[in-house]
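Here is a walk through one protein chain.

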Amino acid sequence: MLQPITGYHTDEEGHWVAELACGHKQHVRHNPPLEERPWVTTAAGRASMLGHQLNCKKCDENAPPD
């Protein structure tokens with residue numbers, strides 16, 4: 001299920017985590033060649049993706065909010 005990004009924080013290892021409108025959280029790593037998300041590496045890039053929708057697998061599984 002697609003859910004918009006509402007904010008970000010870093011986890012205990014310093015990786016960026018997107019906060020979704022549904023209450024779930026999802027890592028958004030830039031780890032080429034596996035994951036291409038160069039926008040994660042800058043504050044302006046992250047801000048530009050607020051509202052962008054990510055596929056939330058936890059919503060697909062009817063999981064409670066994180």
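The paragraphs below go from the whole chain to single residues.

This is a predicted model, in which local features need pLDDT of at least 70, side-chain atom pairs count only at pLDDT 80 or more, and totals for chains, interfaces and linings use all residues. Residues are numbered from 1 along each chain as its sequence is written, and side-chain values use heavy atoms, leaving out hydrogens and water.

Begin with the fold. The chain has 2 helices and 4 strands. Both kinds of element are DSSP runs numbered from the N terminus: helices are H or I with at least four residues, strands are E with at least two. Their order from the N terminus is β-β-β-α-β-α. The C-alpha trace spans about 30 × 20 × 20 Å along its principal axes.

Next, the packing. Of the 66 residues, 29% are buried. Buried means under 20% relative accessible area, exposed over 50%, and partly exposed in between, with a 1.4 Å probe and protein chains only. A contact means heavy atoms within 4.5 Å. Among contacts between residues at least 6 apart in sequence, 47% join residues at least 24 apart.

Now the cysteines. How many disulfides does the structure hold? It holds 0. A disulfide is a pair of cysteine sulfur atoms within 2.5 Å. The sulfur of Cys56 has its closest cysteine sulfur in Cys59, at 3.7 Å, which is too far for a bond. Cys59 is in no disulfide either; its nearest cysteine sulfur, that of Cys22, lies 3.5 Å away. Cys56 counts as buried because its relative accessibility is 2%. Cys59 is also buried, with a relative accessible area of 13%.

Finally, the start of the chain. Met1 sits in the segment before β1 (2–10). Is Met1 buried, partly exposed or exposed? Met1 is partly exposed, at 48% relative accessible area. Leaving aside residues up to four places away in sequence, Met1 touches Leu54, Asn55, Cys56, Cys59 and Asp60. Met1 and Lys58 are 57 residues apart in sequence, yet their C-alpha atoms are 8.5 Å apart in space.
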